[in-house]
Amino acid sequence: MEFPANVPQHPCSVDHLNQFYGLPVLTFPQASSDRPLPADPASVAWRMQSGLYVGDEEPDDYWDRFTETVPLEEVRALVIGSAWYGSDGWPYEIVEVIAELSHRLTGLEALFLGDVHFEESEISWMGQSDVAPVLEAYPRLRELGVRGGDGLEFPVVRHEGLRTLRFESGGLPASVVRNVAASDLPSLECLELWLGDEYYGCDTTMEDLQPLLTGERLPSLRHLGLQNSQFQDEIAAAVAHAPVVARLASLRLSMGALGDEGAAALLGGQPLTHLRALDLHHHYLGDAMMLRVREALEPAGVWVDLSEQEKDDEEDEGTRYVAVAE
């Protein structure tokens, strides 16, 4: 079965984005490049990537040339990579710069902060910052993606325009989860949280997640991802009876330590046959349980991803790993 076209497709690895906001990602070329720019600035998501591994141009010069060359009012999607993000980045500065450019980036609808490849920086080494300035400066922003959790702050906000909110992290702070749950996001349709490993900063608990599972403050939510978690079985058991599930089109419980216990709880709860997609990839299900999941859902037309079957360490029974941590 092919992935449903009407379900958001997001990468599940720490790699450079190839697409963002439904647009192909184009790296703004270095000054030494003779690559022509697209005639329509709105036809691509512009990736800003400079410094180490890229070229000799200084990041500030590179950014200034972008703002002087590209008609900013026509830019719909912006992706920020190195040198502003990574082990030696300065995320606070770029957030402030983008916020201050709101009078020129009048058409900006999507922003991704931290598009850094794992060879450039491990996700746990990446610094982040308070993202409130961009939310305040861009009330029409429809999608915000953030990679990295160290120093990340997401305040309690009201934002009427945001449709998609995504946090990629090897250790997501509980404060971020709690503040997302307490925020007023009436238009939010897609929420994805990579919770990560406690060793790399995840202190989120089931209690923090419970307000999200009621769905009371997220009336438009249709796609939910609670992923990359050490306690994926507990999440699955809670999701099995969560009120928000009845109105979802897709559910992602992937990338974590999900085992037979969690899958059985999921199947034993409320019906899931209304879903268009259930993503469980990177899991610890046995063959028999994988068959049970497929037989329960696929005849109803649910697309099920059970790829990347992992095995418990035979020498250290019970050891399971999330897909993205360090």
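Start by selecting R252 and D279: both are buried (under 20% relative accessible area, with exposed meaning over 50% and partly exposed in between, using a 1.4 Å probe and protein chains only). Before you go further, note that this is a predicted model, in which local features need pLDDT of at least 70, side-chain atom pairs count only at pLDDT 80 or more, and totals for chains, interfaces and linings use all residues. Residues are numbered from 1 along each chain as its sequence is written, and side-chain values use heavy atoms, with hydrogens and water left out.

**Stop 1: the pair you have selected**

R252 and D279 form a salt bridge, with the closest N and O atoms 3.3 Å apart (the criterion is a side-chain nitrogen of Lys or Arg within 4 Å of a carboxyl oxygen of Asp or Glu). This pair links distant parts of the chain, since R252 sits in strand 10 and D279 in strand 11, 27 residues apart. Helices (H or I, at least four residues) and strands (E, at least two) are DSSP runs, numbered from the N terminus.

Pick L251, and you will find its bridge partner in strand 11 is L278.

**Stop 2**

Zoom in on Q19, which lies in strand 1. Q19 is exposed, with a relative accessible area of 55%. Leaving aside neighbours within four places in sequence, Q19 is in contact with P24 and V25 (contact means heavy atoms within 4.5 Å). Draw a distance from the C-alpha atom of Q19 to that of A45: the two are 26 residues apart along the chain and separated by 7.5 Å.

**Stop 3**

A search of the whole structure finds 15 salt bridges. Select R147 and E168, whose closest N and O atoms are 2.6 Å apart in their salt bridge. R147 lies in strand 6 (residues 143-147) and E168 in strand 7 (residues 164-168), so this pair ties together parts that are 21 residues apart in sequence. R147 is buried at a relative accessible area of 0%, and E168 is buried, also at 0%.

R320 is partly exposed at 27% relative accessible area, and D312 is partly exposed at 32%. Then select R47, D115, R147, R166, E168, E192, R252 and D279 together: salt bridges that share partners join them into one network.

**Stop 2: helix 1**

Which residues of helix 1 (residues 59-69) are buried? Select P59, Y62, W63, F66 and T67 to see them. They cover an arc of only 130° around the axis, which puts them on the same side of helix 1 (the arc is that of the directions from the helix axis to the C-beta atoms). The face turned away from that buried side carries the exposed residues D60 and E68.

Show strand 2 (23-27), strand 3 (45-48), strand 4 (77-80) and helix 2 (91-100), against which the buried residues of helix 1 pack.

**Stop 3: helix 8**

Move to helix 8 (residues 287-297), where the buried residues are M289, M290, V293 and L297. Viewed down the axis of helix 8, they fall within an arc of 105°, so they line one face of the helix. Exposed on the other side of helix 8 are D287, A288 and E295. The cover over the buried residues of helix 8 includes helix 7 (260-267), strand 11 and strand 12.

**Stop 4: the cores**

Of its 83 residues, L78, I80, I98, L144, L165, F167 and L191 touch the most other members. Centre on L191: leaving aside neighbours within four places in sequence, its contacts include L165, V180, L212 and L218. A second, separate core of 10 residues includes L23, V79, A110 and F112.

Key: A nonpolar core is a set of buried Ala, Val, Leu, Ile, Met, Phe, Trp, Tyr and Cys residues joined through side-chain atoms within 4.5 Å. Two strands pair if DSSP finds at least two bridges between them.
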